[in-house]
Amino acid sequence: MGKKNNKNKKNKKRKKCYSIEKSLENDKQSAINIVYDHYRETYQLSRQAQQRRNKSFIILCILEAFSFLLLIRPEQVLNLIIDSINSQLDITLTFGNTILQTLLWILIIYVMIRYIQDVFYIERQYSYIGSLEAAMESLMQDAIKESKTLSVNSKLFLRESDNYLTDYPIVLNLIDLFYKTLIPVIFIVINTVRIYNEWAFIRYKMTLAFFCDSVMYVSLFIITWFYYFEIHAKTTAFIKRHVRFVDKTARFLKKLLKNV
C-alpha cells in the first residue's frame, strides 16, 4: 500500500513537472511570436518612412534646382512654368515672379520639414530595431539550446544591427556624409543667395510678399541648422563639451521647446 502511494506521488510529481515545462515552453513561444510580430511591424514602418524620405529628398532637390535656375534665368523659368501650366490645364494663366518666389518658398519649407521628420524617425528607429533584434536573438538562442538542432552561435536576428555595421564600407560613410553634411550646406547657400537677390530686387523696400518670404527663409535657415547639428550627434557633443555657451543655449532651447 505504501509503495503504491509513493508511486502515485512520483507520477503526480512527473506530471506536474511536465506541465510546468510545457507551460514554460508555450510562454517562450508566445514571447517569440509577440517580439517577432512587433519587430516585423516596426521594420515595415521604418521602410515606409525610408520611402517617404527618399521621395521627399527628390522633390526637395527639384525645388532647389528651380531656385537655382531662378537665380540665373528668372524670366525663362517663369515663362517655362506658365507655359507648362497653361498647356496642362488648357487655360490662359499669368502671374509674376513674386508669386512664384513665394510659392516656391512655401513648397521648399514644407517638403524640408517632412524630409527632416522622416530622417529623424528612421535614425531613432535604428537603435530600437537593434534592441528588438537583441531580444529576439536571446529568445532564439534559448530555444536553440533546448532543441539542440542548431549551433548555439548562430546569429539569426542581427540583420539591421550588428550584421549591418560589421565591416561597414568606407564609401557608404562618404555617401552618408554627402547627404548629411554637403547637401544641407548647398541648400542653405542657394536659399541665402535667393533671399539676398529678392532684397536687391525690391531695393530694400518691405512688401507683404517679401516679408512672408523673409520669415520663411529665416525659419528654413534655423530648421536646417538644427537638423545639421542634431544629425551630427558626435560633433555636436564635442562642441557642447568645449563651448559652454552652446551647451547652455541647447539646454535652454530644449527645455523651452519641450514646455511650449
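Predicted model: local features only at pLDDT ≥ 70, side-chain atom pairs only at ≥ 80, totals over all residues.

I started with the surface: the protein has an accessible surface of about 18800 Å², and 63% of that belongs to carbon and sulfur atoms. Accessible areas come from the Shrake-Rupley method with a 1.4 Å probe, and for residues only the protein chains shown count as cover.

Residues are numbered from 1 along each chain as its sequence is written, and side-chain values use heavy atoms, with hydrogens and water left out.

**Fold.** I counted eight helices and zero strands; both are DSSP runs numbered from the N terminus, helices being H or I of at least four residues and strands E of at least two.

**Burial.** Of the 260 residues, 28% count as buried, meaning under 20% relative accessible area, with exposed over 50% and partly exposed in between (1.4 Å probe, protein chains only).

**Cysteines.** How many disulfides does a search of the whole structure find? It finds zero, a disulfide being a pair of cysteine sulfur atoms within 2.5 Å. Cys 61 counts as partly exposed because its relative accessibility is 28%; Cys 212, at 31%, also counts as partly exposed.

**Cavities.** I then searched for cavities of 30 Å³ or more and found two. On a 1 Å grid over the protein atoms alone, a cavity is a set of points where a 1.4 Å probe fits but cannot get out, a pocket is an open set with protein on both sides within 12 Å along at least five of seven lines, and lining residues have an atom within 4 Å of a point. Grid points are joined across faces, edges and corners, and a volume is the space filled by probe spheres set on the points.

The largest cavity has a volume of about 50 Å³. Its lining includes Leu 60, Met 112, Tyr 179 and Thr 224, and H5 gives the largest share, four residues.

The second largest cavity holds about 30 Å³, and Thr 224 is among its lining residues too, along with Asn 191 and Phe 221. Here H6 gives the most, with four residues.

**Pocket.** The second largest pocket has a volume of about 310 Å³. Of its 16 lining residues, Asn 97, Gln 101, Asn 197, Glu 198 and Phe 201 lie nearest its centre. H5 gives the most to this lining, with five residues.
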